[in-house]
Amino acid sequence: MTTLSPTTAPVTQGNQIPRKRLYGIVAEFHDPAALMAAADKVRMAGFRWWDCHTPFPVHGLDKAMGIKRTILPVLVFGAGLTGTTIGFCLQAFTNAASFSIWALVWVTGYPFLISGKPLISMPAFIPVMFELTILLSALSAVGIMFLFNGLPRWNHPLLSNKRFLRVTDDRFFIVIESRDPRFFASRTEQFLKDLGAKAVEMVEA
Amino acid sequence: MSASAPVINLSSSNIRADGLSRPGFMLRLFGFAILVVAFFIGMRSPDQGLFLRFWMQSWLFVTTVSLGGLFFLIVHHISHAGWSVVVRRPAEAIASNLQWVWIGFLPFVFYWWKGDLSIIFPWANLDALKHISLEEAELVGKKTAFLNDKFFMIRAAVYLVTWFVLSRFFVSNSVAQDSDGSMARTKKLEKWAGPAAILFGLTTSFAAFDWIMSLNPAWFSTMFGVYFFVGCCTGGFAYIGIVCLRLQALGYLKGIITTEHYQDIGKLLFAFGVVFWAYIAFSQYMLIWYANIPEETAWFLARQLGEWRVVSVVLLFGHFILPFLFLISRWTKRWRGTLLFACVWMLASQWFDLFYLIQPTIPHDIGAYSSYEQILAHYANESAHFLNPWNWILLVGFMLMLVGTTLSRLSSMGLLCMKDPRLAESLRFENM
């Protein structure tokens with residue numbers, strides 16, 4: 001993704017005027033309550049590709065935005081079960097496997113008899129199964145979270161907007177992206193102004 | 001923070017439950033009557049050791065539940081928790097049961113006074129033990145510096161007095177804050193929660209060693225104190241959930257305890273009562289299984305003989321696998337019907353766990369057999385006593401005392417910590 005500093009004016013080359021792609025429109029609000037009310041209206045207007053940015057977690061904002069619950073927990077549970085299975089198979093295979101492939105290749109594990117325990121004995125396997133469950137759950141939780149959030153990335157178009165930088169301090173923003181099917185630059189700009197935004201600006205990609 | 005904060009009803013009809021005083025008193029009276037009658041019949045029964053074990057089981061059940069309430073209070077204060085202020089009063093009512101549970105120890109004092117403590121604790125009479133098993137008597141004889149009846153009684157008094165004082169301290173200061181609103185009380189409770197946690201850990205661990213582990217005095221496990229502590233959490237958190245859910249069903253605390261608080265109680269129950277229990281129980285089992293030393297494995301052997309094997313498997317599924325799958329979802333912790341079911345289930349599991357810990361006895365003639373199969377065959381008909389009437393009569397008696405006292409305390413103390421500095425934070429608590 002290319003980034004442009006906000007001060008750079010479009011460069012003309014010959015007769016052609018290169019048009020920069022519009023990333024979206026940011027609307028600035030000064031307090032969370034105004035943001036919540038506006039977010040409610042943006043959701044009702046039917047936008048899909050839009051987001052709210054706040055300096056701190058705002059209770060009830062997810063509901064106002066109509067964000068559905070993530071399926072991350074289900075995926076993590078699946079990853080955990082995979083870990084349990086791998087843990088069992090790994091030990092059962094290395095400790096007790098003994099078979100041939102078409103009577104040509106003999107595959108055997110490394111059977112170890114310890115104090116007369118059977119080769120496949122669950123109590124001894126459980127710690128490894130447990131650890132692999134935790135390992136895969138934790139790694140997949142972090143990994144899938146990064147994936148869902150589109151991370152890692154070097155930059156984001158919004159960071160080129162001077163006004164937007166105050167999002168980490170005391171300003172609240174709604175961003176509607178241009179890829180939204182209901183997005184029309186002028187109309188959406190007016191829509192956001194009508195919601196009571198203190199400032200509305202275009203952001204280029 | 002939300003744009004339209006709901007109005008919270010703090011009128012006395014919502015946060016006072018004066019009507020619970022009378023039923024609470026009646027339940028306590030019935031429970032106490034049942035226990036007294038049961039004791040006078042039980043002490044004349046042919047197998048008094050069995051009766052005392054059932055007594056120990058049900059008495060420890062209500063004790064662990066009350067200790068769970070105390071643990072909740074200690075953790076609340078030590079971590080300066082905000083979310084749990086609205087559910088703290090029910091926990092305080094549960095913890096204040098520790099002010100009567102010492103009564104349940106009196107039968108053991110009585111048998112000690114009669115000189116018959118060995119009827120339940122084999123270490124109390126080494127000569128009798130020698131006649132049954134010389135090896136065991138020799139092992140246990142080396143522990144007399146710790147396992148002797150006088151020191152045993154002194155220790156029991158220390159535990160019971162400590163719990164009495166701790167529950168008194170945490171509950172009375174909180175109740176006094178309702179009228180004087182002093183911030184100093186919150187600070188004092190938070191300051192003393194640290195030492196209280198240490199005292200709590202030491203007393204519960206040693207109580208477990210004394211009252212459950214020493215029933216089989218040759219056996220030992222360093223995990224056992226933690227196992228008992230997890231039992232306290234299981235029972236305590238499950239009972240806090242039940243009390244809160246029932247209070248709301250009766251029309252109290254409307255709009256004060258919300259789905260968000262229930263989800264957190266469910267999380268605690270899931271983490272401590274289900275997962276941590278399995279973790280500790282398995283850690284204890286695996287070390288002993290792996291080392292395979294006869295004096296350690298005998299305890300688990302006793303729990304695999306005859307029908308005890310069924311009890312062990314039921315415990316594994318009932319205390320861990322089924323509740324794990326049931327409570328892992330978010331919605332089962334948030335919907336009241338499923339949470340109530342899970343709480344009742346886990347409370348029953350804690351009682352069943354104590355049954356599993358206390359009732360099986362290691363056969364003294366283990367040495368006479370040459371193989372595990374022979375022992376299994378000989379003890380195949382060992383009955384699990386689960387349907388023994390004492391098991392149920394004593395449970396009902398102690399539960400009536402527990403529920404009755406909890407209701408009485410709730411009606412006398414009010415249902416909400418009105419002047420707690422973190423009340424507002426708790427009222428608008430939300431899981432992110």
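A: Two residues are in contact if their C-beta atoms, placed from the backbone, lie within 7 Å. Helices are DSSP runs (H or I, at least four residues), numbered from the N terminus. This is a predicted model, in which local features need pLDDT of at least 70, side-chain atom pairs count only at pLDDT 80 or more, and totals for chains, interfaces and linings use all residues. Residues are numbered from 1 along each chain as its sequence is written, with chains lettered from A and ligands numbered from 1 in the order in which they are written.

Q: Why is helix H4 of chain B described as largely enclosed?
A: A residue is buried if 20 or more other C-beta atoms lie within 10 Å of its own. In helix H4 (residues 88-95) of chain B, eight of the eight residues are buried, so the rest of the structure largely encloses this helix. Among them are B:Arg88, B:Pro90 and B:Ile94. The cover over these buried residues includes helices H3 (48-78), H8 (149-180), H10 (224-249) and H17 (389-413) of chain B.

Q: Which residues touch the most other members of the largest nonpolar core?
A: In soluble globular proteins, nonpolar side chains tend to be buried together. A nonpolar core is a set of buried Ala, Val, Leu, Ile, Met, Phe, Trp, Tyr and Cys residues joined through C-beta atoms within 7 Å. Here the largest has 120 residues, and B:Leu70, B:Phe237, B:Ile240 and B:Leu269 touch the most other members. Another core, of 26 residues, lies apart from it and includes A:Val42 and A:Phe172.

Q: How many residues of chain A are in contact with chain B?
A: Twelve residues of chain A are in contact with eleven of chain B. H1(A) gives the most to this side of chain A, with four residues.

Note on methods: A residue is buried if 20 or more other C-beta atoms lie within 10 Å of its own, exposed if 12 or fewer, and partly exposed in between; C-beta atoms are placed from the backbone. Helices (H or I, at least four residues) and strands (E, at least two) are DSSP runs, numbered from the N terminus.
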